[in-house]
Amino acid sequence: DQVLHIVPETIQQVQHLQLLCSTFMLDLWKPLLPEDIRAGEDLHVRVPAPLVQEVKDSLAQHMISYRVLIPDVQKLVDQSMPREKSSHRGVSGGYIYTDYHPMEEIYQWMTQIQKNNSELVTQHILGKTFENRTMYYLQISQPSNKTKKIIWMDCGIHAREWISPAFCQWFVKEILQNYKTDPKISRFLQNLDFYVLPVLNIDGYIYSWEKDRLWRKSRSPYENGTCYGTDLNRNFNSSWGSVGVSFNCSSDIFCGSGPESEPETRAVAQFIKNKKSDILCYLTIHSYGQLILTPYGSTTKPPSNNEELMQVAKEAAAALKGKYGTSYRVGSTALILYSNSGSSRDWAHTIGIPLSYTFELRDTGTHGFVLPADQIQPTCEETM
Amino acid sequence: RAMELPPGHFPAARAAAAAVGYLRYLRGGPGSGLQLRQLRRARRQDIDGVGHKYYLELELEDVLDKDRTVSCTAEVLYHLGSNTSAPDVQLTVQGELRSTEEADKEFYNRIRSLEKEFVAENIPDSHGNVPPELEPIHLLAWAASGYVIWQNSMENTKFHLAQVKHVKQVKRNDEDLQFDFVILLHEMVSQEVLPWEVTLLWHPQRGARVPQSRAAPAGS
């Protein structure tokens, strides 16, 4: 493909160019619309490779002079991609982990990941969302004759926190790409299984792509369809409805009509309850804030294993900081952030899962929820 | 009489956000934007009949020149029982930031010479991108939102600018540049995203001023 620079001189030339653009459906870079083409003004147009000769011939025929601005568009595109992107192929054939992906692509990614890594990965149904979409989780498990403890990680409970599902996908890729060569990861997999739910609030995530980038909640209707969405992280059965919530559907922290009123909440809770004796660690990934939060949100009274929880979290924060210098604060939600009840992390801890954490990823407010894609890699690398 | 506060805990963090908002309004321009690198120390004093006063020591960096930091001591006074008056903020900044005189002048002249009034929307876009030519207006939005954040902060709120929904230049007969913004503020405690309409005046020597701002009416 080539980009041509043309400065039409007469009305007839303008008209001919407009005709060319519409006949061949050419990609006008400047101006944006054929009707804005003016004599004496710059025109930049991308011509697909198979049409280049024909278009040039037509220009010559009408005595329209042109200059080739970009002789090879693809080459320029390739050059402008950071080289690291190519190193992430193989695990799932070319998936770009340094971009944000819509739900359709994440579904396809899960299927691919399981297909390409079937010795380790199985895809399972967790349940259905309100809008009847299937919730899948990936189980990463090295075959062995000993029963292994489980680490559960869910991402995307809040729709607008796009860096969270991006991290889950990165995490899976990283494990699968390196388990044979990285002794730490290999040791993990000998003793533990990972269960990863890349997007918990699928309906909300899709809504944030299609309608409202800053949507947070699910998409279940209330009040006769005049109001939508429950904050899934206020909907769990842990001091439900007691503090840091709203009973008004129009609030962003609406806790639902009762504990586990939402299908997404029930899907997760049921599964975790069933497996709880094997789950060592519950992780839920959010943004933003750069925090590792421990139980509880509803009270400042510390959990029974607070020392252990804090120690592990502090070591995690130190390791994280060692990578790029990013500072994470550690502590309970009630002290560090605000009071809240009904969170998944608190619930997981109260049913007996000893290590339960909320990660709030980058950043601290400069970009907030709309974190640039070029921060996906460093965020994920440091969090690994 | 002032109580030491853990700087990592939310009461100090909320006061710091209000102080940073005020500072961005005071010092903001198209060539520089300050962000909080670290809250080093925080103390609180409850003053009978007046309100709660926070004493903060902040470390800030220029978003365009991250190796350069300045320290700032701030006093944030939240008035007792008042939901309508802004906290009083006093600041002292130690250290010098890089001069933005050139960049400011260049931006000023560029906007003044535009034939059509400048318009833009969704800064950053959904993927977090800000094209380089929109960075100066993005930083002016920080100054505008800094004013709104300062004016509306309370002890139980913490605001951040989530996105610039829309900005339109309004040509003026005097020397100021005028931009009418629609900004989206994220409030951390309620998790709400609140649209605000803010008018910002800016001039290279006179700096930023907000003559008017209001919460955007419902349904906008």
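1. Let's start with helix H3 of chain B, residues 135-152, in what is a predicted model. This helix has 18 residues and runs 25 Å from its first C-alpha to its last, close to the 26 Å expected at 1.5 Å a residue. H3(B) is also mostly covered, with 15 of its 18 residues buried.

2. The assignment gives domain 1 (2-94) and domain 2 (100-215). Going by C-alpha atoms, the centres of domain 1 and domain 2 of chain B sit 20 Å apart. Their contact draws on 26 residues from domain 1 of chain B and 27 residues from domain 2 of chain B.

3. What do these two domains of chain B bury between them? About 2200 Å², and 67% of that is on carbon and sulfur atoms. On the domain 1 side, look at B:Arg14, B:Tyr25 and B:Pro30: they supply 36% of the area that domain 1 buries against domain 2, more than any other three residues.

4. Which elements of domain 1 of chain B each supply at least two residues of the side touching domain 2? They are helix H1 (10-27), strand E2 (34-47) and strand E3 (51-62). H1(B) gives the most, with eight residues.

5. Over in chain A, the assignment has domain 1 (2-76) and domain 2 in two pieces, 103-211 and 236-383. The centres of these chain A domains, again over C-alpha atoms, are 50 Å apart.

Methods:
Residues are numbered from 1 along each chain as its sequence is written. Chains are lettered from A and ligands numbered from 1 in the order in which they are written. This is a predicted model: local features need pLDDT of at least 70, side-chain atom pairs count only at pLDDT 80 or more; totals for chains, interfaces and linings use all residues. Side-chain values use heavy atoms; hydrogens and water are left out. Domain bounds come from an automatic or database domain assignment. Helices (H or I, at least four residues) and strands (E, at least two) are DSSP runs, numbered from the N terminus. The expected span of a helix is 1.5 Å times one less than its number of residues. Buried means under 20% relative accessible area, exposed over 50%, partly exposed in between (1.4 Å probe, protein chains only). Contact means heavy atoms within 4.5 Å. Buried area is the accessible area (1.4 Å probe) that two parts lose on being put together, summed over both.
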